[in-house]
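I opened my notebook today to look up a few places in one protein model. Here are my entries, in the order I made them.

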Amino acid sequence: MRNKLVVGNWKMHGRLATNPGLLDAIRSGISTQTAKSAGVVVQVALCLPYPYLAQARQSLEGSSMAWGAQDVSEHDQGAWTGEVSGSMLADFCCRYVLVGHSERRSFFAETDAIVAAKFAAAQRAGLIPILCVGETLVEREAGVTHDVITRQLDAVLAVNGSAAFVRAVVAYEPVWAIGTGKTATPAQAQEVHAAIRGRLARESADLGNRLQILYGGSVKPSNVADIFSQPDIDGGLIGGASLVAVDFLAICAAA
Ligand code: PGA
């Protein structure tokens, strides 16, 4: 059985003064849950804005939780003003980094090729990339969801090879469900998750079996049980609800 993973994506939220309260509430809630859930391994992580990684490390070090960033440069170092490298994230003991979030793809013009390069850069620095894929509403209505997801996966596979997915996570986030309050139905999500797993299983059955695939897009305590009950959904990537400790903890408890 695959382990579950729940990742909070704070996006551009948080303040120096208020972060410790939220981090400590989540940390202590998770440690209580961990004590109660013998057997099932649920990894919980938070992806924060860069300036707060030191705070995350300070609050979460020594706990079962991990932390990470929301983006990484495709370059390792040099004259790239404003960029943050994978090794800088490793300096703060990040375990994960999101790559190819739809907000990066659409608002910052990240192409499939850039996402593939960022995936590689993350792994060069020893980080676990969480590759985000997902279709827009127009694409879903045009019936090309599977083509879009396959194109996004294939771009990363072509550059990095299938072996790179042994130490990676995929997150399926339908763009039309992010921050909109609309969620894919459990059946819609399961269908795409199964297709993603099938694509990787074509490379190696073992890889397909082992790959953790998260669902993201308006996951909240009221809909999480149905989503997490699907066989190919191994956890969630949680935006808005990760900013409210009780909501995020309820989602982790469901996992
Ligand atoms: P949401 O965001 O949970 O607020 O919809 C998810 C995400 O963008 O990762």
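**Ground rules.** I take helices (H or I, at least four residues) and strands (E, at least two) as DSSP runs, numbered from the N terminus. This is a predicted model, with local features needing pLDDT of at least 70 and side-chain atom pairs counting only at pLDDT 80 or more, while totals for chains, interfaces and linings use all residues. Residues are numbered from 1 along each chain as its sequence is written, and side-chain values use heavy atoms, with hydrogens and water left out.

**Entry: S102.** I began with S102, and I found it in helix α4, residues 102–107. Is S102 buried or exposed? I use buried for under 20% relative accessible area, exposed for over 50%, and partly exposed for in between, with a 1.4 Å probe and protein chains only. S102 has a relative accessibility of 12%, so I noted it as buried. Next I listed its contacts, where contact means heavy atoms within 4.5 Å. Leaving out residues up to four places away in sequence, S102 touches F107, V175 and I178.

**Entry: K11.** I looked for K11 next and found it in the loop between β1 (4–9) and α1 (19–36). Its phi is near 50°, a positive value in a residue other than glycine. Which residues does K11 contact, beyond its neighbours within four places in sequence? I wrote down P49, Q70, H101, E103, I178 and G239. With E103, the side chain of K11 makes a polar contact of 2.9 Å. A polar contact is a pair of N or O atoms within 3.5 Å; within protein, one must be able to donate a hydrogen and the other to accept it, and residues adjacent in sequence count only if both atoms are side-chain atoms.

**Entry: M12.** I stayed in the loop between β1 and α1, where M12 is found too. M12 has a relative accessible area of 80%, so I marked it as exposed. I also checked M12 against I178: they are 166 residues apart along the chain, and their C-alpha atoms are separated by 15 Å.

**Entry: C93.** I found a positive phi at C93 as well, near 60°, again in a residue other than glycine. C93 sits in the loop between α3 (86–91) and β4 (96–99). Its relative accessibility is 34%, so I put it down as partly exposed.

Which atoms come up to the oxygens of the ligand? I noted these:

- The side chain of H101 has an N or O atom 2.7 Å from a ligand oxygen.
- A polar side-chain atom of E173 lies 2.7 Å from an oxygen atom of the ligand.
- For S218, a backbone N or O atom is 2.8 Å from a ligand oxygen.

The ligand on its own has 280 Å² of accessible area, and the protein covers 95% of that. These areas come from the Shrake-Rupley method with a 1.4 Å probe; for residues, only the protein chains shown count as cover.

**Entry: V44.** I moved on to V44, in strand β2, residues 42–47. V44 has a relative accessible area of 2%, so I counted it as buried.

**Entry: the cores.** I looked up nonpolar cores, which are sets of buried Ala, Val, Leu, Ile, Met, Phe, Trp, Tyr and Cys residues joined through side-chain atoms within 4.5 Å. The largest has 62 residues, and L46, L48, L89, L131, F165, I196 and Y215 touch the most other members. Helix α11 (residues 245–254) gives this core its largest share, five residues. Another core lies apart from it, with 14 residues, among them L5, Y96, I130 and V169.
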